[in-house]
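Colleague: I would like to go through the packing of helices and strands in a model. Please show it first.

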Amino acid sequence: TAILSSISLIERYKTPDQEEKRHKHVERIKSSIRNLTDILNDFLSLDKLEQGKIETQCLHFDLQKFIEDIIEEMDGMLKKKNQEILYLYNGPSEVKQDKKILRNVLLNLLSNAVKYSPEGKTIRIAVNGDAGNVFISVKDEGIGIPFEAQQHLFSKFFRAGNAVNIQGTGLGLNIVQKYVELLDGNISFSSNENQGSIFTVGFPREGKG
């Protein structure tokens, strides 16, 4: 609906002095397309996960550099809300895991942190590990999760009451949990409403795939 209405309005803005209005609706169309893409990706990922069609392919890589690249990828989203990510890394940097799955997990958690945090806030990502395991935490200063909603957080299509006005499918964390299980890992969180949330993912340094 947003795309169709914006296209209809753009057709009316034909003079040079209406350039700003045209630009506004072009940006609205882009935003709507990104949202549609996110929804389609969520449903495709969920379908593959539930049918057991995703197999892990573990490779050796530098986790510290890998996360730096993901943070750089998030840059445009951060700038839009005048936010920043603080990144701390402790422990060995080499892991043997599925890069694609881990990337999806971290992008989802970081995107949520950005989406559910007000403008100008800081997001913190911290990595700690030893020879056997890695723990990655993503902490935000956002709206937090109401206590009564926390037990349902990883359920399909569930959205907390304070998040209904923010675009989303209610599938992201359910998908993240399934991805983390493919890494033989686990995910936990702590949160207080209006005080932010922290999600922690733990997984073995050497995967089996």
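The dialogue below takes up a helix pair and then a sheet.

Modeller: Keep in mind that this is a predicted model.

Colleague: At what angle do helix α5 and helix α6 pack?

Modeller: The angle between α5 (residues 99-115) and α6 (residues 172-182) is about 150°, and their axes lie 9 Å apart. Angles over 145 degrees count as roughly antiparallel, so α5 is roughly antiparallel to α6. The crossing of α5 past α6 is left-handed.

Colleague: Which residues of α5 and α6 make the contact?

Modeller: From α5 come Ile101, Asn104, Val105, Asn108, Leu109 and Asn112; from α6 come Gly172, Leu173, Val176, Tyr179, Val180 and Leu182. By class, this contact of α5 with α6 has eight nonpolar residues, four polar ones and no charged ones.

Colleague: Now the sheet. In what order do the five strands run?

Modeller: The order is β2-β4-β5-β7-β6, in an open sheet with mixed pairing. An edge strand pairs on one side only, and here the edges are β2 (84-90) and β6 (186-192). Ignoring direction, neighbouring strands of this sheet are turned by 10° against each other on average.

Colleague: In which sense do strand β4 and strand β5 pair?

Modeller: Antiparallel: β4 (residues 122-129) and β5 (residues 133-139) are joined over six bridges. As one case, arginine 124 has lysine 139 of β5 as its bridge partner.

Colleague: Which strands does helix α3 touch?

Modeller: Helix α3 (residues 63-73) packs on the sheet and touches β2, β4 and β5. The direction of α3 makes about 175° with that of β2.

Note on methods:
Residues are numbered from 1 along each chain as its sequence is written. This is a predicted model: local features need pLDDT of at least 70, side-chain atom pairs count only at pLDDT 80 or more; totals for chains, interfaces and linings use all residues. Side-chain values use heavy atoms; hydrogens and water are left out. Axes are lines fitted to C-alpha atoms, for helices over the stretch in contact, and angles run from 0 to 180 degrees between N-to-C directions. Helices (H or I, at least four residues) and strands (E, at least two) are DSSP runs, numbered from the N terminus. Angles under 35 degrees count as roughly parallel, over 145 as roughly antiparallel, 65 to 115 as roughly perpendicular and the rest as oblique. A crossing is left-handed if the near helix is turned anticlockwise from the far one by less than a right angle, and right-handed if clockwise. Contact means heavy atoms within 4.5 Å. Ala, Val, Leu, Ile, Met, Phe, Trp, Tyr, Cys and Pro count as nonpolar, Asp, Glu, Lys and Arg as charged, and the others, Gly among them, as polar. Two strands pair if DSSP finds at least two bridges between them.
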